[in-house]
Every structure is written in C-alpha cells, then in structure tokens.
Amino acid sequence: MNRPRNDTFLRALLRQPTEYTPVWLMRQAGRYLPEYCETRRRAGSFLQLCKSPALACEVTLQPLARYPLDAAILFSDILTVPDAMGLGLYFSEGEGPRFERPLREEWAIRDLAVPDPYDRLRYVMDAVAEIRRALAGSVPLIGFAGSPFTLACYMVEGGSGSDFRHLKTMIYDRPDLAHRILSINAEAVTQYLNAQIEAGAQAVMLFDSWGGCLADAAYREFSLAYMRRVVAGLIREKDGQRIPSIVFTKGGGLWLEAIADCGCDALGLDWTIDIGAARRRVGERVALQGNLDPNVLFASPEAIARETRAVLDSFGPADTGHVFNLGHGISQFTPPEHVTALVNTVHEHSRRLRGN
C-alpha cells in the first residue's frame, strides 16, 4: 500500500514541511450533507449504516466529492467497541445512544472481556479495506476509536450524560472497578485500532470526548494513563510507512503538556484555547490539530474566512506541524456551502503565509 498522492496530512502530523496547511473536519461525513441523509434513509438506521461496509464507504467518500479535503475518516461510531462487548447498543430518536445492559454490577464488570476485532467488529475492518480501495491512493484514511474513559462513560451511565454520576461515584468509591473497566477498554481499543491499521488505516485518532469533565488528578489517573497505554501498543509502521496517532481530549486545555508527552504524534485542540499559545506550551514535541469553533460555520462566508485566517495566523508562518480542523464535530445544522469557504480559506491563506 503506497503513500497517497496527497500526503500533506500525514507529513503535517509528522512535522515535516508542507506547501500548505492540510484540513479535514471531525464528523465531515454527517447529517449536514443532504447526500448523507439520503444514504442513511436507505440504510434504515444509523447502526445499519455503520454495519454495512458498502454504505459506510459511500458516506465516507461523500464529503471528498464536495470539498478538496486532505484526508478521509472512516465512517463508524466510537460505541461499536462496547456494543461488541455485549452491552446491547441501540439508538433512540432524540435521545442518542443507549445501552440495554449498562455496567452497574460488580459481577458484570468482572465478566467484561476484550472482543476479537476480527469477529464481532469484522464489518469495521471490511469498511476500512473497501474505503482504502475506493480512495485509490488519493488522500489518507484515518481510523479512530473512543478513549477508554469516554467509552466507560457510556458503558456505566447507559448512554449520554452530563454529570457522569455513576462512573464518577465508582471512581471515588470503587476505583478498582473503574480500573478494571478501563484496563479492558484500553486493550480492546488497542486491538481495534491495530486491526484498522492492518486493514488499511494510515493514521489513527483517539477521541476523548469526556475526559475534560474530570478533576485534575482523576484525569491523569483514569483517562490520560489509559490513552498512554493505548498509544504505546499501537502499530507504528506498516508497509514501510509511519502510522501517526492523534489524541484529542475535549476540554483538555489544562493538560496539553501532559498529553503531548503520552507518545502521540499530534495533539487535537478544542476551540477554547488559542492555538498559538498551545504551540508555545508544547513546543516541537507534537503536531497540533485544530481548532476553529464549529459554530463559526453558522456565520457568513466572510466571517468564516476571517476566523479561519485568525487560527492560521495564531499558529504562525511555520510550514510544519499544523492540521487544520474544527475544535469539535461539525454541527448537523451547518450549511454545506459554508464548508467550502472554510476549506478554500485554509488552503489559500496557508499558502500565502508560506509565500507560495
């Protein structure tokens, strides 16, 4: 599997010189695109869409047909892993993901086991392989997983939450049980990401969506320590090519230096921190990915261009180490044409900053 023709994204992650700043968007294949909504309607449900390699490939490619993005990201969901553990994932209209059997009993936590990624998650690997074939060497493919802590939030709470009362109570009352869940999750996520790499993913990303809800010491013990374990277990090279890793903690601005030292190649930033300040804090240890506020995309194309230039200007004129992205996933209410303004501005302004 040769390096893609447009490898700007991979070179930026490895802090190698690039002619412009590459850009992709978290949730770039999603409900803001009418073509995605049509494919999801044909699939019958979100889960059926995820579990069909052909349809997952179709929606992965849709944003690339509209915009000159520099990477594709596997269309899937972070909760495929706990679903494969037998927790009974389902989606309720207007409620988001739910689990039929949340982890509340000690016996269930003791019985929790790492799923074989080539068995109950085979559909994900089939999708990765199909997407790689369909991309035909144009741009890189990103694989991903939820962080061990973020998965635990859903597994213990039984769905989305805001205070994560059940898991936080467990952390403080029964840390042994929390560590048991997190240890299983870390091994499961490591195997899952490595299987994606074997199937064709050329970079991988850990989404720690809820780590930022933790107190400082708890974040380091129950979230970051397990992401460090995952990163240490990842395949670093495949077919002679480096496989970069990205770690993103939403609300992680307090811990940038510690995350940068976890072994990852790139650090994802949400929109609450200035990217120039972040760069000064982490130095040359990692590349940075981010970090436009997703809500900027509701504004006019002129405002989008202005705010996009501001992020690029804050990072500075260096030709290494920046992947442009939003500070979190794109909203389903985003006008598709506004993404055009964003992508074009990133490419044009970053070239100007480099004198190209």
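Modeller: Axes here are lines fitted to C-alpha atoms, for helices over the stretch in contact, and angles run from 0 to 180 degrees between N-to-C directions. Helices (H or I, at least four residues) and strands (E, at least two) are DSSP runs, numbered from the N terminus. This is a predicted model in which local features need pLDDT of at least 70 and side-chain atom pairs count only at pLDDT 80 or more, whereas totals for chains, interfaces and linings use all residues. Residues are numbered from 1 along each chain as its sequence is written, and side-chain values use heavy atoms, with hydrogens and water left out.

Colleague: How are helix 13 and helix 14 oriented to one another?

Modeller: Helix 13 covers residues 275-282 and packs against helix 14 with the two axes 7 Å apart. The angle between helix 13 and helix 14 is about 25°. Angles under 35 degrees count as roughly parallel, over 145 as roughly antiparallel, 65 to 115 as roughly perpendicular and the rest as oblique. Helix 13 is therefore, relative to helix 14, roughly parallel.

Colleague: Which residues of helix 14 does helix 13 meet?

Modeller: Contact means heavy atoms within 4.5 Å. From helix 13, the residues I275, G276 and R279 take part, and in helix 14 they meet V311, S314 and F315.

Colleague: What is the orientation of helix 8 to helix 10?

Modeller: Helix 8 (residues 148-157) and helix 10 (residues 175-199) pack with their axes 9 Å apart, at an angle of about 120°. Relative to helix 10, helix 8 is therefore oblique.

Colleague: Is T60 buried or exposed?

Modeller: T60 belongs to helix 4, which spans residues 53-66, and, leaving aside residues up to four places away in sequence, it touches A29, A72, I73, L74, F75 and I131. The T60 side chain also reaches the backbone nitrogen of F75 at 3.1 Å. Buried means under 20% relative accessible area, exposed over 50% and partly exposed in between (1.4 Å probe, protein chains only). T60 has a relative accessible area of 1%, so T60 is buried.

Colleague: What relative accessibility does Q202 have?

Modeller: Q202 sits in the loop between helix 10 and strand 5 (203-208). Not counting residues up to four places away in sequence, Q202 touches N2, P4, L10, R132, V139, P140, L141, R242, I243 and P244. Q202 counts as buried because its relative accessibility is 9%.

Colleague: R27 is not a glycine, so what is its phi, and is it buried or exposed?

Modeller: Most residues other than glycine have a negative phi. R27, in the loop between helix 1 (8-13) and helix 2 (34-43), has a positive phi of about 65°. Because its relative accessibility is 51%, R27 counts as exposed.

Colleague: What is the phi of A136?

Modeller: A136 is placed in the loop between helix 7 (122-135) and strand 4 (141-146). Although A136 is not a glycine, its phi is positive, at about 50°.

Key: Polar contact = N/O pair within 3.5 Å; in protein donor to acceptor, adjacent residues only side chain to side chain.
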